[in-house]
Amino acid sequence: MLTQNLGYPRIGSQRELKKICENYWADKTGYKNVLQVGKNIRHENWNLQKEAGIDVIPSNDFSFYDHVLDHSLTFGAIPKRYNEVILKKGNSELDLYFAMARGYQKEGLDVVAMEMTKWFDTNYHYIVPEFYKDQPFKLFSTKIIDEFYEAKQLGIATKPVLIGPVSYLLLGKEKEAGFEKIDLIKNLLPVYIEILSRLDALDVEYVQFDEPFLTLDLTEKDKKAYEYAYKEIRKAFPRLKIVLATYFEGLGNNLALTTSLPVNILHIDLVRAEGQLADVLALLKEDTILSLGLVDGRNIWKNDFEKSVSIINQVAEKRGLDKVWIAPSCSLIHSPVDLDIETNEQNLSAEIKQWLAYAKQKIAEIATLKKLITNESPASTLQKLEENKIAIANRKVSKIIHNPEVKQRVLGLKEQDAERLSPFSSRKIKQQELNLPSYATTTIGSFPQTAEVRSWRAKLKNGTFTVEEYDDLIAKETAKAVNWQEEIDLDVLVHGEFERNDMVEYFGEQLDGFAFSKNGWVQSYGSRCVKPTYYFW
């Protein structure tokens with residue numbers, strides 16, 4: 001039985017990637033420094049997973065901005081408007097990459113960025129590929145090959161991660177009429193074959209293909225594209241061990257299609273779709289290894305070892321341990337990096353921390369689950385099991401979470417509590433009382449948090465400013481914003497919300513039942529990181 005990881009956070013435990021990229025965009029650091037920080041993060045991630053006991057470690061899960069954009073650059077799916085950026089003297093491949101992500105406005109050029117949208121139902125956002133009729137593809141960036149070789153030089157044989165060819169096409173948009181994006185599968189697949197050929201020359205053993213669209217509704221054309229793509233890959237590389245990763249939902253109507261594909265390892269998400277296990281086992285080919293996504297890759301809660309061990313044993317009993325892998329439910333890019341650096345009990349008490357697991361801790365959980373099954377290091381492993389049982393039990397009864405007053409109030413809710421107290425007619429009268437026009441003008445509410453405002457908040461936190469000094473500066477900034485709105489003749493004024501930090505954190509801090517980390521950053525897009533809210537009641 002092996003353990004695998006599908007992907008690890010690429011921002012660095014101290015958000016090193018964010019800081020170096022933003023300095024580069026501001027012309028405060030050089031190209032080589034950006035590359036070095038990226039290299040440091042990759043090496044730290046690979047070594048951490050190796051030392052933790054992960055058997056199959058991913059590469060090409062690192063990205064300077066977005067993994068879907070990485071693939072567009074790899075496949076040469078570069079919109080023509082960036083041709084001038086490529087031709088500008090002194091621009092690197094990284095400059096082209098950032099131009100596609102953020103736009104390019106210098107040296108007389110004004111090139112808009114590519115579209116960004118949500119990655120399925122997560123808070124992550126990806127750069128949308130742009131497709132044209134009869135679009136050719138070619139191997140433009142060798143990032144995936146370079147990073148596999150880089151890890152190999154460290155003595156770590158990794159599993160390169162690729163977005164599967166069908167999911168990559170379905171993630172994009174047609175930018176002209178007269179074709180469907182899935183029609184490009186035969187143009188795209190030769191680039192995959194070329195990449196795999198180069199990896200094969202470096203003695204790659206496993207390659208992971210992420211195909212999350214296998215959990216969504218597919219057209220007949222989409223299904224045929226899946227059959228065609230993996231048949232061609234298998235024909236070209238009969239000895240390659242293909243890991244097909246699905247996540248975020250169960251296979252549903254695509255179960256028969258997925259289990260029929262010529263792959264060696266099938267990964268399923270048993271956190272979001274635990275109920276699919278029996279159906280998958282019923283249809284899975286005898287020689288296919290099943291990767292069990294048991295450790296939640298999208299949340300901060302500790303794994304329930306007893307429950308996971310029960311599922312592993314259930315599958316092993318039917319298929320044998322050699323046909324079982326243990327993994328997170330999806331890539332860990334949706335998790336904060338390391339709980340160990342949360343040292344401030346004002347943010348997270350010891351009681352709360354015992355329930356949590358960030359990416360580093362989730363990697364350890366995967367390794368521990370294997371030891372529990374194989375009876376490796378029985379004394380220390382059994383101790384971890386007991387500690388896990390205690391933490392899981394404590395969370396079920398803790399007064400931090402279970403407030404009888406709140407529960408009683410929830411039980412007392414009635415249907416009419418969800419209805420407005422005043423009818424529309426009375427609200428219309430209120431508008432007239434305020435002397436508002438039929439089409440009033442206003443803003444959303446938040447004004448930009450300038451560097452100066454952020455510096456005041458930092459000084460308040462470190463004790464340089466008193467609360468009175470901070471409040472006085474915020475009041476003056478608010479007055480400036482209100483005066484400006486009056487000058488430009490807006491109808492409904494806002495105060496600008498200069499006092500708040502994050503749009504969720506500020507309000508949560510005023511309420512019971514919420515906890516906030518200091519270093520629990522998760523990438524939302526590019527260099528933008530957000531901290532998850534821990535909601536307890």
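Student: Fine. What kind of model is this?

Tutor: This is a predicted model.

Student: How many helices and strands does the protein chain have?

Tutor: The protein chain has 20 helices and 18 strands.

Student: And what does the C-alpha trace span along its principal axes?

Tutor: The spans are about 75 × 60 × 50 Å.

Student: What radius of gyration would a compact globule with 537 residues have, and what does the protein chain have?

Tutor: A compact globule with 537 residues would have a radius of gyration near 24 Å. The protein chain has 26 Å, so the value agrees with that rule.

Student: What share of the residues is buried?

Tutor: Buried residues make up 50% of the 537. The accessible surface comes to about 26700 Å², and carbon and sulfur atoms account for 51% of that surface.

Student: Now charges. How many positive and negative side chains are there?

Tutor: There are 69 positive and 77 negative side chains. The centres of the two sets lie 2 Å apart.

Student: How many salt bridges does the structure hold?

Tutor: The structure holds 27 salt bridges. One of them joins the side chains of Asp70 and Lys143, with 3.8 Å from N to O. That pair links distant parts of the chain: Asp70 is in helix α3, Lys143 is in helix α6, and the two are 73 residues apart.

Student: Are those two buried or exposed?

Tutor: Asp70 is buried, because its relative accessible area is 7%, under the 20% cut-off. Lys143 has 14%, so Lys143 counts as buried too.

Student: Which residues sit with Asp70 and Lys143 in one network?

Tutor: Salt bridges with shared partners join Arg42, Asp70, Lys143, Glu147 and Glu150 into one network.

Student: Give me another pair. Where are Glu130 and Arg81?

Tutor: The side chains of Glu130 and Arg81 meet in a salt bridge of 2.7 Å, N to O. Glu130 is in strand β7, while Arg81 is in the loop between α3 and α4, 49 residues apart. Glu130 is buried at 7% relative accessible area, whereas Arg81 is partly exposed at 28%.

Student: And what does Asp121 pair with?

Tutor: Asp121 forms a salt bridge with Arg298, and the closest N and O atoms are 2.8 Å apart. The two residues are 177 residues apart: Asp121 is in the loop between β5 and β6, and Arg298 is in the loop between β13 and α12.

Student: What about Asn375?

Tutor: Asn375 has a positive phi of about 60 degrees and is not a glycine. Asn375 is in the loop between α14 and α15, and at 58% relative accessibility Asn375 counts as exposed.

Student: I also clicked on Leu270. Where does it lie, and what is it in contact with?

Tutor: Leu270 lies in the loop between β12 and α11. Leaving aside neighbours within four places in sequence, Leu270 is in contact with Gln276, Leu277, Leu292, Gly293, Leu294 and Ile311. Leu270 is buried, with a relative accessible area of 5%.

Student: How far is Leu270 from Asp70?

Tutor: They are 200 residues apart in sequence and 28 Å apart in space, C-alpha to C-alpha.

Student: Last one. Which residues does Glu232 touch?

Tutor: Not counting residues up to four places away in sequence, Glu232 touches Leu189 and Ile193. Glu232 lies in helix α9 and is partly exposed, with a relative accessible area of 23%.

Technical notes
Residues are numbered from 1 along each chain as its sequence is written. This is a predicted model: local features need pLDDT of at least 70, side-chain atom pairs count only at pLDDT 80 or more; totals for chains, interfaces and linings use all residues. Side-chain values use heavy atoms; hydrogens and water are left out. Helices (H or I, at least four residues) and strands (E, at least two) are DSSP runs, numbered from the N terminus. The radius of gyration is taken over C-alpha atoms; the globule rule is 2.2 Å times the number of residues to the power 0.38. Buried means under 20% relative accessible area, exposed over 50%, partly exposed in between (1.4 Å probe, protein chains only). Accessible areas come from the Shrake-Rupley method with a 1.4 Å probe; for residues, only the protein chains shown count as cover. Lys and Arg count as positive and Asp and Glu as negative; His and the chain ends are not counted. The place of a charge is taken as NZ of Lys, CZ of Arg, CG of Asp or CD of Glu. A salt bridge is a side-chain nitrogen of Lys or Arg within 4 Å of a carboxyl oxygen of Asp or Glu. Contact means heavy atoms within 4.5 Å.
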